[in-house]
Amino acid sequence: MSSRTNLLEVEGLDIAFGARPVVRDVSFDVGEQEFLGIVGGSGSGKSTTLRAVLGHLPRGARMTGGAVRFLGADLVRDGVPVRAGKGGPDPRRLGMSVIVQDPVGALNPLRTIGNQIQTLMKSSGRQVTEDRIADTLSDLFINNPRRVLKAYPHELSGGMAQRVLVAVALLMEPKLLLADEPTSALDVTAQAQIVELLRRLVSEQGLSVVMVTHDLALVSETCDRVVVMREGEVVDVGTPRAAFYDDPRPYTRALVDATSFTRQETAG
Amino acid sequence: MTTDPIIRVDHVSKAFRTRSGDVQALDDVTLSVRRGTTLAVVGESGSGKTTLGRCLLGLSSWDSGTISIGEHDVAKLSKASRGDFRRKVQMVFQDPFASLNPRMRVGQVLEEPLLLRGRERGARREEVLRCLEHVQLDPSYVSRYPGELSGGQAQRIGIARAIIGQPEVVVLDEPTAALDAEVRRGIYQLLQRLQAELGLTYVLISHDLASVAATSDAIAVMHRGRIVEYGTTEDVFERPRHPYSVALISASPRLGVEFVGRERVAVLRGEDVLARADQCHLSSRCPVALEVCRSGRPAFEAVDGAHACACWRVAEMPGVLDAAISERALDAGQPA
C-alpha cells in the first residue's frame, strides 16, 4: 500500500451550518483505481462531506477548517472552495464527475436527453459526436441508445435515467466519480446493474469512485475501503471486512446488527 | 390458528388505460392468505404490487375476478358491511409523516377511528393508552405532534393507528423503506409481536425480496402485473425457480459478501420492453430466454406442493440460469 498515490485527500475537514458544526475533523484519502464507500445514518454528515469535495456546499454551510486536495491541488483556501470564476468550470475539478440520488430530478424535463448531453458537453468545452454518446450509452447496457437520446426524462425509468447520468459523468473523462446515494431511488435489479457498471469502470478503466450510502450491505459487496461516519465524525476507516466484522467499533457493530436482522437468511 | 384462508384473490385483472395502450396492472392474479400469517408481495416498481394492495383495501376497482376478505366480498360491500370491512382491513403506509396529519396530536390521530365508532370519551382514552403501550411508546406521546417524532416513532404511531380498531388484516406497504437501518429491525420485531398477540394477518408489500425473507410465511413474486412465482418463504428464497426471483434475490446486496476477488454480475440487463399479452414479460432481458418465451405466455404451474412458477424453462431451472450467470461472471472477471 506504500506505493499508492492519492487522488483525493481530505484532511481535518470541519463544516458548520451557522454556529452548529455538522462535520468535525474528517480525514480520508482515495487512491487510484479505488472504490471508497462512506456510510452512516441520516445526519451523519456523509453527503455534506461529499458536497464539500465537490465545492457545492448547501446554502448556509461553510468550511471552518481543513484541507481538500485533488491531484495535488488545493480545492479550499481560507475555508472557501476555490473556484475559477463565475459559472465556469473549475479547472482543478475537471477530473471529477458526480452522480446524484434522484436521476430524473437532475434532468431538465423540457428537453431531450441528447440535447441536454450536448449542452453539458459544450459548457465544459468538449466536442462530442452523437456516435460517441450512443457508444457510451450502449456500453452501459442501454439497448437502443438512439431512441433514448430522442426521449424526454419522464419517458425513462429511474434505472435508465441513472445510466444516462453515469454516461454524462463518463463523457467528462473523469479520474474520480463522486456518487451520492446513486441507487437508493432505484429498484434492486436496477441497483445491481448500476453497481456492476461502477465496479467494472474501476477495474477496467482505472476510475476511482467515492460512494455515499446508508446501505452497509451494498458497501460490503462493492467497496475496497469504507469510511464509517456518525454525527459528523469519522468512526472508522478500513476494508469492509475489518470495519464490519473483524474489528468493528461499537457503533459499526450496532449498524451491522440492525442490517443483519432483515438479511439473516442471506447472511447465513 | 385455522388453516382456511382469510384473504382470497381469484383471477383478478385490472388494466390502466393510457394513450399508448392498456397497461395490465393486474393480470389474472390468484392467491390466498391464511389467517395469522404473512404473505409478502414482492416486485419492482410497476409490478402491480401496490395496485393489488389498493384493491385488497377496496380503494381501487378492478375489471374482472373476485376478492374476498373474511365474509366480505370486497367488490360488493353493502352500506351496512362497509363499516365492518373498514375496521377489519387496515393499512400501514411507507412514509409515516405523509400519512399522519401534521396538525393533529398523536392522541387525536389515534382517537379518530374510535370517534367514528361512537365510543365514549373515557373508553377512547383508555384504548389510546393501551395502543401506545402495544407499540412500546410512552403515554406522554398523546400530546405530541407528528413533527416532533423521529421516523421510527412516527411509524409506530402509524402502526398504532392501524391496529386501534382491532383489525384482522393489515396491508403493510414498504413499512420500513423510509427509515434508517437502525430502526428497521425494531419495527419488524414490533410487527411480528403484534401479529402473534393479536392474531393479525399481514400482506407485506416490498421491492426487496431479501429483506422480507425474515418476516414472511409465503412470498408472491410479481412482475408486470402477473404472479410469476409463489411459495413458502423457504421455497422461494432457498429454491427459486423463476429467473426474475433469482434476479431479485441476487440483486439485493448481502452483508459479509465481499466484492474483492469475485466480480458480481447483474442477472437482468437492459429494460423491460412492454411485451404483448401472449409473451413472457421477462423475455426481453432474461439471460436464458428462448424463442418460445417470445411467442407464448407461460402457464402458472405447480412445481412442488404449493410452490408454483410461470416460466417456459421451469424444468431446467435453476441449472440453466446458473450456467448463464457464471459464464457472464467469468467474462466480467477477465482483466482488461
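In this predicted model, Arg297(B) is partly exposed, with a relative accessible area of 35%. Its salt-bridge partner is Asp27(B), and the closest N and O atoms are 3.1 Å apart. Arg297(B) lies in the loop between helix H10 (291-295) and strand S11 (301-304) of chain B, whereas Asp27(B) belongs to strand S2 (residues 21-34), so the pair ties together parts that are 270 residues apart in sequence. Asp27(B) counts as buried because its relative accessibility is 10%, under the 20% cut-off.

Chain A also contains salt bridges between distant parts of the chain. Arg225(A) pairs with Asp29(A), with 3.3 Å between the closest N and O atoms. Arg225(A) sits in strand S11 (residues 225-230) and Asp29(A) in strand S2 (residues 20-31), 196 residues apart. Arg225(A) is buried at 15% relative accessibility. Asp29(A) is partly exposed at 25%.

A further salt bridge joins the side chains of Arg126(A) and Glu173(A), at 3.6 Å from N to O. Both residues lie in loops: Arg126(A) between helix H2 (113-123) and helix H3 (130-139), Glu173(A) between helix H5 (158-171) and strand S9 (176-180). They are 47 residues apart. Arg126(A) is buried at 18% relative accessibility, but Glu173(A) is exposed at 52%. Elsewhere in chain A, salt bridges with shared partners join Glu9(A), Glu11(A), Arg69(A) and Asp74(A) into one network. Over all chains, the structure holds 29 salt bridges.

None of these salt bridges runs between chain B and chain A, for which the count is zero. Between them they bury about 4100 Å², of which 54% is on carbon and sulfur atoms.

Chain A comprises nine helices and 12 strands. Of its 268 residues, 56% are buried. Among its contacts between residues at least 6 apart in sequence, 67% join residues at least 24 apart. The chain exposes about 11500 Å², with carbon and sulfur atoms supplying 48%.

Helix H6 of chain A spans residues 188-205. Its 18 residues reach 25 Å from first C-alpha to last, close to the expected 26 Å. H6(A) is mostly covered, with 15 of the 18 residues buried. Gly206(A), just after the helix, takes a positive phi of about 75°.

On the surface of chain B, Leu290(B), Val292(B) and Trp312(B) form a nonpolar patch. Together they have about 240 Å² of accessible area. Trp312(B) is found in the loop between strand S12 (307-309) and helix H11 (319-333). Trp312(B) is partly exposed, at 40% relative accessibility.

Conventions. Residues are numbered from 1 along each chain as its sequence is written. Chains are lettered from A and ligands numbered from 1 in the order in which they are written. This is a predicted model: local features need pLDDT of at least 70, side-chain atom pairs count only at pLDDT 80 or more; totals for chains, interfaces and linings use all residues. Side-chain values use heavy atoms; hydrogens and water are left out. Patches are made of residues with over 30% relative accessible area and no salt bridge: like charges are joined within 9 Å, nonpolar side chains (Val, Leu, Ile, Met, Phe, Trp, Tyr) within 5 Å. Accessible areas come from the Shrake-Rupley method with a 1.4 Å probe; for residues, only the protein chains shown count as cover. A salt bridge is a side-chain nitrogen of Lys or Arg within 4 Å of a carboxyl oxygen of Asp or Glu. Helices (H or I, at least four residues) and strands (E, at least two) are DSSP runs, numbered from the N terminus. Buried means under 20% relative accessible area, exposed over 50%, partly exposed in between (1.4 Å probe, protein chains only). The expected span of a helix is 1.5 Å times one less than its number of residues. Buried area is the accessible area (1.4 Å probe) that two parts lose on being put together, summed over both. Contact means heavy atoms within 4.5 Å.
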